[in-house]
Amino acid sequence: LLSKLRDPSLVIDKALVAGEWVSNSEGGGRFDVLNPSTGDLVATLPDLSRADAARAIDAAYHAQKVWAKKTGKDRAAALRRLYDLMIANAGDLAVILTMEMGKPLAEAKGEILYGASYVEWFGEEAKRVYGDTIPGHQADKRIVVLKQPIGVVAAITPWNFPNAMLARKFAPAVAAGCAMVSKPAAETPLSALSLALLAERAGIPAGVFNVITSRDSASIGKEFTENEKVRKLTFTGSTGVGKILMRQGAEQIMKLGLELGGNAPFIVFDDADVNAALEGAMISKYRNNGQTCVCANRLYVQSGIYDIFAQKLAEKVSAIKVGDGFEPGVDAGPLITEKAVAKVEEHIADALDKGAKIHIGGKPDAKGGLFFQPTVLTGVTSEMKVAREETFGPVAPIFKFDTEEEVVEMANNTEYGLASYFYSKDVSRIFRVAEALEYGMVGINTGLISTEVAPFGGIKQSGQGREGSKYGINDYVEIKYLCLGI
Ligand code: ADP
């Protein structure tokens, strides 16, 4: 790994607690981070305990008070320096990301730029956390509304975007004047640590950003939700774990930001530009090898174009090159773990059992390991697991539908409500369907919706809160109103 880097010091095998890089947990344990493409050891990290998390929270508690007193402009300047460092080191950060997560190097580079865009955006927003003045309700009253940082924010992030999912939380928190204690996924902690190192180099003070590396996520999650110095928890991950954290946080009425699972429908109407829809489907379904919470999980294609769409999608999918993310020209890396492979296999087996057909793929890739063939299934119905559960892998199940009404109902028939997509050229239908879809985000004639300038987030069991845009900073401030008698 080190030989691929311009700046090898960006690879860190320590955690960041209270401004110190620590090699040992109190219990002394360590855990391995493996490259999912090769199974090779990437690094060994301290397996921190709940007590370490408590120490980090204490430090964040004190550091936050000082950080909050800085001007928005000072905080903006620090985030700008971090943004510049992320851009200057994007090549190395991408290598580290591919090494621990497996995605193709070009996609990893894209993720670093995407993560950095939140740092840039919220740095700019730091100067614009405006309050309000409200005309008084009585002649001798004046009303002022302040927005103040929430305080210590705990963050738990997943392995699928090891840099961007954290940057998207860290940047608004720090911009608003909060301090953060984070726990990255144990599969991919290195990207979080290099981000923390750059934050340190950018002049973000000790204690404002802590990174707890640990395999014992349940204990760390308990500390994050039960410690009364933590005032908000922001989590990206599965709906199941989101529910656990929400239950735990209920004891202290903890504020929560939750970006949970999705079950995105991708609808192609007869009147769509089919080639554009195919391109959108490729991006939405196969980006990150199907391992994003906004990936198309269910493709609904209107009956008039069903066969041709399936045929052409299979042709495009046959061109996807699967392999090690460092190999030139690779489009899809491995899945993250054996468990992920097993889930994909289970979903395919269940669909075949209930009458679906494999159009292409369907099996582990000949490369072995965690590589899986990009797959297209046809003849898929609502009774199959792929209709209800997030597959999180390179499987495109194509459902057939006849009417707009029917497909909107099928699309909404899920407890999830994160991303949705549809293709149509009829402007009346575009508004009708966009308004009828019960989702936080709707991509219309596009398969790619993520950007720092727009509010990312879900409804129903896909979560609460929004990340990015002018709305994002609101998740990290409290509103206080001053009623002044004069
Ligand atoms: P995924 O299926 O993407 O791994 P998870 O929700 O299991 O989704 O994991 C997302 C993050 O939540 C990871 O950092 C993981 O370590 C953490 N996590 C898993 N279980 C718990 C838990 N009980 N409490 C707190 N964090 C958890």
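Trainee: Is C295 buried or exposed, and how do I read that?

Mentor: Buried means under 20% relative accessible area, exposed over 50%, and partly exposed in between (1.4 Å probe, protein chains only). C295 has a relative accessible area of 5%, so this cysteine is buried. C178 counts as buried too, at 0% relative accessibility. Keep in mind that this is a predicted model, where local features need pLDDT of at least 70, side-chain atom pairs count only at pLDDT 80 or more, and totals for chains, interfaces and linings use all residues. Residues are numbered from 1 along each chain as its sequence is written, and side-chain values use heavy atoms, with hydrogens and water left out.

Trainee: How many disulfides are there?

Mentor: A disulfide is a covalent bond between the sulfur atoms of two cysteines. Here the test is a pair of cysteine sulfur atoms within 2.5 Å, and the count comes to zero. Take C295: its nearest cysteine sulfur belongs to C293 and is 8.2 Å away, and C295 is in no disulfide.

Trainee: What share of the residues in the protein is buried?

Mentor: By that same cut-off, buried residues make up 57% of the 486.

Trainee: And which contacts link residues 24 or more positions apart?

Mentor: Contact means heavy atoms within 4.5 Å. Of the contacts with a separation of 6 or more, 73% are between residues 24 or more positions apart.

Trainee: How many helices and strands does the protein have?

Mentor: Both are DSSP runs numbered from the N terminus: helices are H or I, at least four residues, and strands are E, at least two. The protein has 15 helices and 20 strands.
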